[in-house]
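Dear colleague,

Please find below the structure that I promised to hand over, followed by my notes on what was found in it. I would be glad if you read the notes with the model open beside them.

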Amino acid sequence: MNKIQHQTLALAGILQSAVLVDQLASSGICHNECSGASLSSIVNTSSDVTDIFSSKEQLAVGISTLKAVLGKKTKSMQTITFYALSLINLEKKLMKNPALLDTITTEISAFNQQAFFEITHVNSIARLGELYKSTLGGLNPRIMVKGEQAYLSNQRTADHIRALLLSGIRAASLWKSQGGKTWHLLINKHKILKTIDSLETLEDSSKNITQS
């Protein structure tokens, strides 16, 4: 897999976190499999995107959203785009704060050593949500999540939203490590869309070979 393919997958990871946050804030529920994959990415220390997201299904929400955002501008994508760009900017601030980065890294290491629950368990999500709140949640400007107050005021939903914001920071860091830059989104739009098509064709072909 080449650099643009890795960048595209990581970018889809950012968009996926943004969409899942929006789903939770608006309805109190989100895509289960993609949420689990995004949450798992937080505690996966690999620098290889394909080790973190091992199948197209794990990034299904992110890939479809990336297509929509780059393919045509719609009003419904404005909030998602705002969250995604905010996550990229927040990751940039984190990289300029070594002490905060060290705190997060240490806590994730401790999490992996004390993995008593599955990543999707309410206790794990609460711990990851608290990590975001106590670290990145203090950086300005804060990411203000819009949605229904009934869901935003629910502690479990709030924890889940914060944990997914943390997964978005992880995806942004992964994207940057692969050479991703914000201005690429403007000049490489068609290249990214072609890459998504090629990745989908590649995976479909692999499945056909396996099934034959």
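**Helix α2 and its surroundings**

Helix α2 covers residues 32–43, and its 12 residues reach 18 Å from the first C-alpha to the last, close to the 16 Å expected at 1.5 Å a residue; that expected span is 1.5 Å times one less than the number of residues. Helices here are DSSP runs (H or I, at least four residues), numbered from the N terminus. Please keep in mind that this is a predicted model, in which local features need pLDDT of at least 70 and side-chain atom pairs count only at pLDDT 80 or more, while totals for chains, interfaces and linings use all residues. Residues are numbered from 1 along each chain as its sequence is written, and side-chain values use heavy atoms, with hydrogens and water left out.

Nine of the 12 residues of α2 are buried, so this helix is largely enclosed by the rest of the structure; buried means under 20% relative accessible area, exposed means over 50%, and partly exposed lies in between (1.4 Å probe, protein chains only). The buried residues are C34, S35, G36, A37, S38, L39, S41, I42 and V43. What covers them includes α1 (3–27), α3 (49–52), α4 (60–71), α6 (98–113), α7 (122–134) and α9 (155–177).

**Cysteines**

The structure holds zero disulfides, a disulfide being a pair of cysteine sulfur atoms within 2.5 Å.

**Helix α1**

Two packed helices are described by the angle between their axes and the distance between the axes. For α1 and α4 the angle is about 95° and the axes are 7 Å apart, which makes α1 roughly perpendicular to α4. Axes are lines fitted to C-alpha atoms, for helices over the stretch in contact, and angles run from 0 to 180 degrees between N-to-C directions; under 35 degrees counts as roughly parallel, over 145 as roughly antiparallel, 65 to 115 as roughly perpendicular and the rest as oblique. On the α1 side, T8, L11, A12, L15, Q16 and V19 meet A60, V61, G62, I63, T65, L66 and V69 of α4, where contact means heavy atoms within 4.5 Å.

Q5 also lies in α1 and counts as buried at 13% relative accessibility. Leaving aside residues up to four places away in sequence, Q5 touches T195, S198 and L199.

**Other local features**

E107 sits in helix α6 and is partly exposed, with a relative accessible area of 28%. Not counting residues up to four places away in sequence, E107 touches R127 and L131; the C-alpha atoms of E107 and L131 are separated by 7.7 Å, although these residues are 24 residues apart along the chain.

A search of the whole structure finds one aromatic pair. The rings of F82 and Y83 have their centres 6.1 Å apart and their planes at 55°, so the pair is tilted; rings of Phe, Tyr and Trp (its six-membered ring) pair if their centres lie within 6.5 Å, with planes under 30 degrees apart counted as stacked, over 60 as edge-to-face and the rest as tilted. F82 is partly exposed at 44% relative accessibility, whereas Y83 is buried at 1%.

Finally, the peptide bond from N140 to P141 is cis, with omega near -5°, and P141 is placed in the loop between α7 and α8 (149–152).

With best regards

How values were computed. Helix = DSSP H or I, 4+ residues; strand = E, 2+ residues; numbered from the N terminus.
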